[in-house]
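Subject: Structure for your review

Dear colleague,

Please find below the structure I am handing over to you. My findings follow it, grouped by region.

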Amino acid sequence: MIAIIDYGMGNLRSVEKGFERVGFPATVTADPAVIREASHIVLPGVGAFRDCMTQLEQAGFVEPILSVIAEGRPFLGICLGLQLLFSQSEEFGLHQGLGVIPGRVVRFPDGMTEQGEKLPVPHMGWNQISITAPSPLFNGIQDGSNVYFVHSYYVVPDDPAVVAATCEYGAPFCAAIRKDNLVATQFHPEKSQEIGLAMLKNFALMKG
């Protein structure tokens with residue numbers, strides 16, 4: 001069973017529909033007990049880091065999330081769901097995350113340019129990823145594929161070895177990570193058309 005964590009913030013229905021389209025029904029759940037029983041767990045997220053951490057804590061999701069990751073079950077973080085896995089975020093002050101991946105979440109600097117043109121923040125729309133390390137999420141995915149981003153902040157892992165893909169926006173940034181059975185993306189697979197659907201299928205096929 002694929003469980004999508006519903007803590008009140010996230011693009012849940014589109015993620016659920018994405019899995020359905022590739023033949024793997026998923027369950028949106030606000031019950032931490034369901035997370036404990038699921039074979040695959042998805043942590044989506046939109047909004048502010050601090051608010052999402054507060055919601056996870058109040059809903060009782062923190063301990064189950066940490067447990068299923070430690071057990072090695074397939075776990076997918078999407079966008080803010082990637083950022084929440086890190087030690088801390090600089091969004092609206094300094095806030096502690098789940099601490100699964102040592103590192104921090106930082107904002108794109110103002111004044112970035114490309115070929116003389118100012119780059120807006122947030123980074124929004126289609127952009128290419130460079131696959132830098134093997135990840136089960138990228139099985140059959142070509143390097144340089146276009147995926148869909150919407151974000152103002154990005155992750156900086158302490159250990160570069162967890163970076164599975166990068167993207168260029170003013171400078172290279174981490175677009176995806178992989179550590180054991182934990183995979184996470186800064187982009188939105190559920191909004192990335194056929195490429196993204198292929199990644200969701202790859203995740204559903206991961207073994208625990």
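Predicted model: local features only at pLDDT ≥ 70, side-chain atom pairs only at ≥ 80, totals over all residues.

In helix H3, which spans residues 49-58, the buried residues include Phe 49, Cys 52, Met 53 and Leu 56. Because these residues cover an arc of only 100 degrees around the axis, they lie on the same side of H3. Just after H3, Gly 60 adopts a positive phi of about 80 degrees.

Beyond its neighbours within four places in sequence, Met 53 is in contact with Leu 84, Gln 96, Gly 97 and Leu 98. The C-alpha atoms of Met 53 and Tyr 7 are 9.5 Å apart, while 46 residues separate the two along the chain.

Helix H4 comprises residues 62-70, and its buried residues are Pro 64, Ile 65, Val 68 and Ile 69. They span an arc of only 130 degrees around the axis, which places them on the same side of H4. What do the buried residues of H4 pack against? Their partners are strands S1 (2-5), S3 (40-43), S4 (75-78) and S15 (182-185), together with helix H2 (32-37) and H3. Just after H4, Gly 72 has a positive phi of about 85 degrees.

Asn 202 belongs to helix H6, residues 193-204. Is Asn 202 buried or exposed? Its relative accessible area is 13%, under the 20% limit, so Asn 202 is buried. The side chain of Asn 202 reaches the backbone oxygen of Leu 137 at 2.9 Å. Apart from residues up to four places away in sequence, Asn 202 touches Pro 136, Leu 137, Phe 138, Asn 139 and Ile 141.

Arg 21 is part of helix H1, residues 12-21. Arg 21 has a relative accessible area of 61%, which is over 50%, and it is therefore exposed. Leaving out residues up to four places away in sequence, Arg 21 touches Glu 194 and Leu 197. Between the C-alpha atoms of Arg 21 and Ala 165 the separation is 25 Å, and these residues are 144 places apart along the chain.

**Cavity and pocket**

How many cavities of 30 Å³ or more does a search of the whole structure find? The search finds one. The largest cavity has a volume of about 30 Å³. Its lining consists of Asn 11, Val 15, Pro 44, Gly 45, Val 46, Ile 78, His 188 and Glu 190. By class, four of the lining residues are nonpolar, three are polar and one is charged.

The largest pocket holds about 210 Å³ of space. Helix H5 (80-83) and strand S11 (146-151) are the elements that give two or more residues to its lining. In total 14 residues line the largest pocket, and Gly 47, Cys 79, Val 150, His 151 and Ser 152 lie nearest its centre. The lining of this pocket divides into six nonpolar, six polar and two charged residues.

**Backbone geometry in the loops**

The peptide bond from Val 121 to Pro 122 is cis, with omega near 15 degrees. Pro 122 sits in the loop between strand S9 (117-118) and strand S10 (123-131).

Phe 92 is not a glycine, yet it has a positive phi of about 55 degrees. Phe 92 lies in the loop between strand S5 (86-89) and strand S6 (95-96). The relative accessible area of Phe 92 is 59%, and this residue is exposed.

Gln 115, likewise not a glycine, has a positive phi of about 55 degrees. Gln 115 is placed in the loop between strand S8 (113-114) and S9. With a relative accessible area of 81%, Gln 115 is exposed.

Methods. Residues numbered from 1 in each chain as written. Heavy atoms only, no water. Helix = DSSP H or I, 4+ residues; strand = E, 2+ residues; numbered from the N terminus. Buried < 20%, exposed > 50% of the residue type's maximum accessible area, 1.4 Å probe, protein only. Polar contact = N/O pair within 3.5 Å; in protein donor to acceptor, adjacent residues only side chain to side chain. Contact = heavy atoms within 4.5 Å. Arc of directions from axis to C-beta. 1 Å grid on protein atoms, 1.4 Å probe; cavity = no way out; pocket = protein on both sides within 12 Å on 5 of 7 lines; lining within 4 Å. Points joined across faces, edges and corners; volume = space filled by probe spheres on them. Nonpolar A, V, L, I, M, F, W, Y, C, P; charged D, E, K, R; others polar.
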